[in-house]
Amino acid sequence: MADQTINSEALKTGDISAAVDYLKAQYPDAISDDTREGYNGIIIARDQLVEVARAMRDDLGFDYLSNAAAVDYLGIEDSMEMVYHAYRTSGGAALAFKAQTPRAQAEIPSLIEVWPGADFQEREAYDLHGIAFPGHPNLRRILLWDGFDGHPLRKDWQEAYYEEDHKPFESRWPKGFVRRAEELNIYGKNVKYPADLDLNSLADTSEESVYANMGLGVDVQQLDNGDELQTDKLVVNLGPHHPSTHGVFRMVVTLNGETVEKLEPVMGYLHRNHEKIGERNAWLHNMPFTDRLDYISSMSNNLGYALAVEQLLARGARYQPPTYRAEVVRVLMVELTRIVNHFWAIGFLLNDLGAFFTPALYAINERELILDFFEAVAGSRMMCNYMRFGGIYKDLPERIHAVANLVNDKMRDYDTMDYLVELINERIPRAVDQLDQYLTDSEIIRARTIGVGYLPKEMAIAYSAAGPLLRASGVSYDVRRADPYSIYPELDFDVAVRYNGDIYDRYLIRLDEMRESLRILRQLLPRLEVTHGEPIMPGGKQGPYMPRVPIGESYGHVENPKGELGYYVVSAGDAKGTQNPWRYHVRAPSFINLTALGQMCRGHKVADIVAILGSIDIVLGETDR
Amino acid sequence: MSQLDLRELHSTEFPVPADMQSNVAITSLSKIYNWSRRSSMWPMLFGLACCAIEMIATAASRYDTARFGMEVMRATPRQSDLMIVSGTVTKKMIVPIVRLYNQMPEPKYVLAMGACASGGGPFKEGYNVVSGIDQYVPVDVYVPGCPPTPQALLNGLIALQKRIDGQSLGNMDDVPWYGVGPSDPVPVPILGPDIIDPRQMEMIRAQAERAASGESYGTRELPAAAMDVIAPRTEAAARPAQAPAAAEVATDDPDRAEALRKREEALARKRARQAAQNLDS
Ligand code: SF4
């Protein structure tokens with residue numbers, strides 16, 4: 001018995017190959033290696049997927065399902081597959097596994113009972129790829145509306161403005177014709193209708209399904225029994241136009257009196273087809289699009305994508321890793337971004353608590369200083385488009401000049417390093433302390449947040465929560481430490497953890513993380529001095545616009561301010577060498593963090609929903625993509 | 001606005017003695033009406049995407065829309081005068097947007113902020129993206145940028161103020177909201193298999209029928225050489241609603257073909273040159 005425990009403990013911390021061996025021994029018929037060129041991980045027969053997944057979780061300790069993405073291999077294998085990346089919250093690399101299905105009547109068993117965090121991701125695959133997930137209790141469209149025609153991420157589905165599979169479109173380059181997309185569509189706008197469209201009996205069914213399971217109507221039985229005070233059930237709609245949904249998010253809530261009984265998130269109001277467009281774009285072409293995912297932290301989105309593609313490029317013969325200078329600047333930008341994001345998140349959490357705009361004004365004020373720096377370096381305040389495969393686009397300038405020349409703004413002209421030193425050593429720490437001092441002990445904040453929106457540790461892991469949401473529930477999981485990238489291993493910082501899992505802790509953990517980021521930034525300052533003038537790209541010049549990306553798959557993930565941001569990219573390769581991703585999938589923390597929202601709100605008052613949502617800190621560009 | 005400067009309102013035709021200029025103003029009704037409207041624009045608190053972040057930054061202390069009397073952001077459309085469409089308009093979102101617009105009391109203005117709201121922006125080709133808010137509601141000011149900087153947005157707001165200043169109460173085209181009866185609401189689009197604008201039912205039906213009968217469906221006149229590339233693809237894209245292709249749209253344009261041939265030749269020469277250079281280095 002004792003032997004066995006030791007054995008199973010060893011299994012739970014062993015490396016990936018040991019885990020794979022164990023699974024192969026247990027399920028010899030179900031598991032095969034993924035032997036395609038450039039692929040890794042295992043392929044699991046779909047009829048045994050759930051069993052194997054359970055063994056992974058229970059016997060091998062892969063308790064955290066990070067990513068679940070569908071890929072359509074039309075024309076390559078004529079099958080579709082789901083790719084999963086499971087991690088251990090104790091750290092280590094991913095166990096990648098796949099399940100395949102024929103394209104017609106695509107079906108893969110749902111993993112929701114093993115990892116409830118698969119919920120939204122499976123719904124997304126159902127919506128966009130048309131894969132059914134038997135066993136999923138609520139398999140409905142999630143990003144598009146009910147009634148939409150087709151599954152757009154299938155390779156044979158073409159959008160209304162379709163021109164060609166890959167950019168650059170031949171008509172534009174090299175042929176040189178420019179036509180507005182409207183002129184090529186028979187309706188003159190971005191629509192296409194199926195042949196059997198009957199204009200005489202049009203029905204908009206998109207709203208019905210939203211309210212379908214919410215328990216509309218009064219339940220007389222329930223009103224009548226017992227002596228307690230009975231209240232009506234009421235279905236309330238919040239959003240998509242609502243001042244506290246941080247964009248165009250929508251929730252449908254069933255209330256019993258004022259208490260939340262059920263909450264269904266409804267999203268897709270900002271679904272702008274990031275992935276479909278990403279699969280038409282050239283590799284580098286996607287970089288500015290990643291800016292617009294989590295548009296508050298564009299720099300770190302860039303980094304995640306760069307890492308994913310660099311992993312692929314690294315298989316090529318002539319690949320050189322980023323230079324040290326580039327890595328230092330990358331981390332500098334990413335950590336500044338984290339501070340920007342957390343300022344914003346705290347400011348707007350206070351908005352949601354009713355302290356309308358004043359705390360946010362303080363937070364935005366400091367953010368502006370960092371944005372000035374971004375603007376001076378990258379040329380844009382928000383959409384920086386700064387990272388490149390193998391480095392960065394441009395080195396830091398020597399001086400930072402005034403950009404905004406408003407009446408109440410002094411003319412500015414600073415030495416870049418002086419500016420950074422002041423920012424990192426004085427301005428930001430002071431601002432963080434200020435927030436701490438004004439907010440942390442506020443009676444109102446404590447009353448509204450302590451014990452509200454509780455997310456227990458086990459549930460946080462099961463629901464694939466990430467970032468501050470996960471760590472405020474007592475899980476010390478941070479990709480920067482768990483699966484390190486860039487120069488984080490040589491930097492000295494702690495992973496902030498809090499244990500109460502409520503809104504208050506999520507607020508505090510953001511303060512902690514800002515302070516840890518400052519700690520990192522202070523260590524970067526001397527590194528910036530030392531590497532001054534060194535090349536920012538290997539070989540000292542920018543890489544090609546159309547890099548040849550070797551065939552294969554890769555999953556690159558980074559610790560974004562909002563949680564783990566992952567990119568799953570597949571390069572298919574063709575005779576000319578691939579120029580476009582075959583698959584470009586984004587594991588968006590804001591999207592997956594919302595999986596737990598319904599659970600967190602149950603039993604709280606309706607006014608708390610807004611605060612709980614604020615404490616998750618979502619951004620819709622990333623949620624809906 | 002801390003102090004009202006009466007001189008701003010003065011109509012110059014009527015002389016007012018210098019010592020009374022800070023107390024008395026003689027002005028036209030239109031002018032004072034416009035002045036008060038444009039100095040108290042209440043935007044709707046309404047953000048769509050990335051641009052909304054810059055809109056918030058514009059409202060914050062550094063840029064401060066309060067200087068233009070625009071700091072009172074109302075969350076309800078029924079109290080707002082200005083809709084700043086700040087971000088990508090999706091097909092799913094256009095339905096609520098049209099409803100919001102219909103609920104705004106007149107006079108109402110729309111400012112399209114950023115590339116997306118003006119014309120679809122970087123996401124234009126997306127299957128869920130509307131190519132600009134002006135396909136559904138009338139727009140008064142477009143602000144370019146992705147995202148527009150706060151300065152650009154301020155410039156757009158000032159442009160809107162100027163536009164209001166130029167309106168005249170005597171001209172019904174300027175102020176249609178004083179016409180007889182309420183103005184018509186914008187019909188709410190329908191989310192069918194794809195978005196359907198009720199105003200375009202006739203056009204959709206006609207185009208679909210034309211396409212089904214193999215007729216040329218008009219509007220798509222492209223040079224022959226472009227059609228070589230595009231026609232097969234357009235045809236494939238439109239196939240669900242349309243059987244045979246509109247090959248007859250292609251016109252023969254020898255000039256264009258000639259230009260194209262020259263360009264190809266030049267490109268070939270350039271490539272050869274580059275290849276030679278690569279060999280050298
Ligand atoms: S114009 Fe650019 S910044 Fe604005 S919403 Fe569109 S993508 Fe975002």
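Reader: Where is Pro107(B)?

Author: Pro107(B) sits in the loop between α3 and β2 of chain B. Helices (H or I, at least four residues) and strands (E, at least two) are DSSP runs, numbered from the N terminus. This is a predicted model, in which local features need pLDDT of at least 70, side-chain atom pairs count only at pLDDT 80 or more, and totals for chains, interfaces and linings use all residues, while side-chain values use heavy atoms, with hydrogens and water left out. Residues are numbered from 1 along each chain as its sequence is written, and chains are lettered from A and ligands numbered from 1 in the order in which they are written.

Reader: OK. What kind of peptide bond joins Glu106(B) and Pro107(B)?

Author: A cis one, with omega at about -5°. Cys146(B) and Pro147(B) are also joined by a cis peptide bond, where omega is about -10°. Pro147(B) belongs to the loop between β3 and α5 of chain B.

Reader: How many bridges join β2(B) to β3(B)?

Author: Three, linking β2 (residues 109–113) to β3(B) in parallel. Ala112(B) is opposite Tyr142(B) of β3(B).

Reader: Switching to chain A. Is the pairing in the open sheet β13-β14-β15 parallel or antiparallel?

Author: That three-strand sheet of chain A is antiparallel. Its edge strands, β13 (552–560) and β15 (583–587), each pair on one side only. The twist there averages 10° from one strand to the next. Nine bridges pair β13(A) with β14 (residues 563–571) of chain A, and Asn560(A) has Gly563(A) in β14(A) as its bridge partner.

Reader: Now the two chains together. How many residues does each give to the contact?

Author: Chain B gives 79 residues and chain A gives 84, with contact meaning heavy atoms within 4.5 Å. About 7500 Å² is buried between the chains, 63% of it from carbon and sulfur atoms. Buried area is the accessible area (1.4 Å probe) that two parts lose on being put together, summed over both.

Reader: How many salt bridges are there between chain B and chain A?

Author: Five. The rule asks for a side-chain nitrogen of Lys or Arg within 4 Å of a carboxyl oxygen of Asp or Glu. Glu125(B) forms a salt bridge with Lys167(A), where the closest N and O atoms are 2.9 Å apart.

Reader: Which elements of chain B give two or more residues to the side that touches chain A?

Author: Among them are α2 (50–59), α3 (91–103), α7 (224–238) and α8 (254–280) of chain B. α7(B) gives the most, with nine residues.

Conventions. Two strands pair if DSSP finds at least two bridges between them. Axes are lines fitted to C-alpha atoms, for helices over the stretch in contact, and angles run from 0 to 180 degrees between N-to-C directions.
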